[in-house]
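Here are my notes on the model, as numbered points. Please read them with the structure open.

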Amino acid sequence: MADNSAIPIIKLWDTLLVPLQGDIGDEQISQLRVDILARIERDNPKGLVIEVSGLEFLDSYLCGVIASIAAAAKLMGVRSVVAGLSPIIAITLETMGVGFGEIQTALSLEDALPTLGITGVSTTKNNGGRR
Amino acid sequence: MNLLKMPIESRQDLGLIRREIAKMTKEAGYSPLVQVQICTAVAEVVRNVLLYAGKGGITARMRRDKFVVEVWDKGKGIPLETLAELENGTYKSKTGLGKGINGTKNLMDRVRILTSPSGTQLFMEKALNA
């Protein structure tokens, strides 16, 4: 259920990570735009990942706001990636002919981070991969 | 719930309506994809009421094997030229919202718009087993 609580903005090394979950209200997303740009000014990140795998719903207005957040971030010198669009929401947006414009998208958070220069190092445990 | 009847007066109403539509379409047996498509279509038209007319109302119900939605407002109506462009899918608003209405037509089986200088009514429906 949507409420008016602030959406978290998580600093992950040089990247800001914003997980969007559930049913996001108009006021929450408007506030998020202000909050993200303030955090960009404060934290000076290299990238912004908007992670949407937990979103229940995305209409053309919310898409437009996400695109405008990314465009404003770009003006401030920060690259944005939208990650984790669910198949249902992807099909719905495609059916409507709505997209994120020129914003880069990624299948998942794991795929988004390397595009912003963050790479993981795999470690192998000597227990057959099981804990 | 068999019938949803609500005023459209604020952005909070948009969230309430969307959640009720989600509940109704789930109970009616629509697939998760179609539930989201109907909710999105409703959100687009309700938002247009808020943006262009300010206030209006919505009714939604299952009628036999179709989910039927009616949205109305008492705004100034849609200009004929715009209506024609909406009909043939060539409408492009400066704000990009035309995509929302064109998209609604793609999401639903049928969308019908009646407009006059004293208001607009929009009917749309989606069959259960399309």
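**Notes on the predicted model**

1. Helix H2 of chain B is the main contributor to the lining of the largest pocket, giving 5 residues. Bear in mind that this is a predicted model.

2. The largest pocket holds about 450 Å³ of space. Its lining counts 22 residues. Those nearest the centre are B:Asn48, B:Tyr52, B:Asp73, B:Ile78 and B:Thr120.

3. Which elements give two or more residues to this lining? They belong to chain B: helices H2 (32-53), H3 (80-88) and H4 (98-107), together with strands E3 (66-73) and E5 (119-127).

4. By class, the pocket lining divides into 13 nonpolar, 7 polar and 2 charged residues.

5. Now the contact between the chains.

6. Two backbone points in chain A deserve a look. Most residues other than glycine have a negative phi. A:Trp13 is not a glycine, yet has a positive phi of about 50 degrees. A:Trp13 sits in the loop between strand E1 (10-12) and strand E2 (15-22) of chain A. Is A:Trp13 buried or exposed? A:Trp13 counts as exposed because its relative accessibility is 61%, and the cut-off is over 50%.

7. A:Asn44 also has a positive phi of about 50 degrees and is not a glycine. A:Asn44 lies in the loop between H1 and strand E3 (47-55) of chain A. With 62% relative accessibility, A:Asn44 counts as exposed.

8. A:Gln21 belongs to strand E2 of chain A. A:Gln21 has a relative accessible area of 55%, so A:Gln21 is exposed. Where does A:Gln21 make contact, leaving out residues up to four places away in sequence? A:Gln21 touches A:Gly54 and A:Leu55. The C-alpha atoms of A:Gln21 and A:Ser53 are separated by 7.3 Å, while the two residues are 32 residues apart along the chain.

Methods
Residues numbered from 1 in each chain as written. Chains lettered and ligands numbered in written order. Predicted model: local features only at pLDDT ≥ 70, side-chain atom pairs only at ≥ 80, totals over all residues. Heavy atoms only, no water. 1 Å grid on protein atoms, 1.4 Å probe; cavity = no way out; pocket = protein on both sides within 12 Å on 5 of 7 lines; lining within 4 Å. Points joined across faces, edges and corners; volume = space filled by probe spheres on them. Helix = DSSP H or I, 4+ residues; strand = E, 2+ residues; numbered from the N terminus. Nonpolar A, V, L, I, M, F, W, Y, C, P; charged D, E, K, R; others polar. Buried < 20%, exposed > 50% of the residue type's maximum accessible area, 1.4 Å probe, protein only. Contact = heavy atoms within 4.5 Å.
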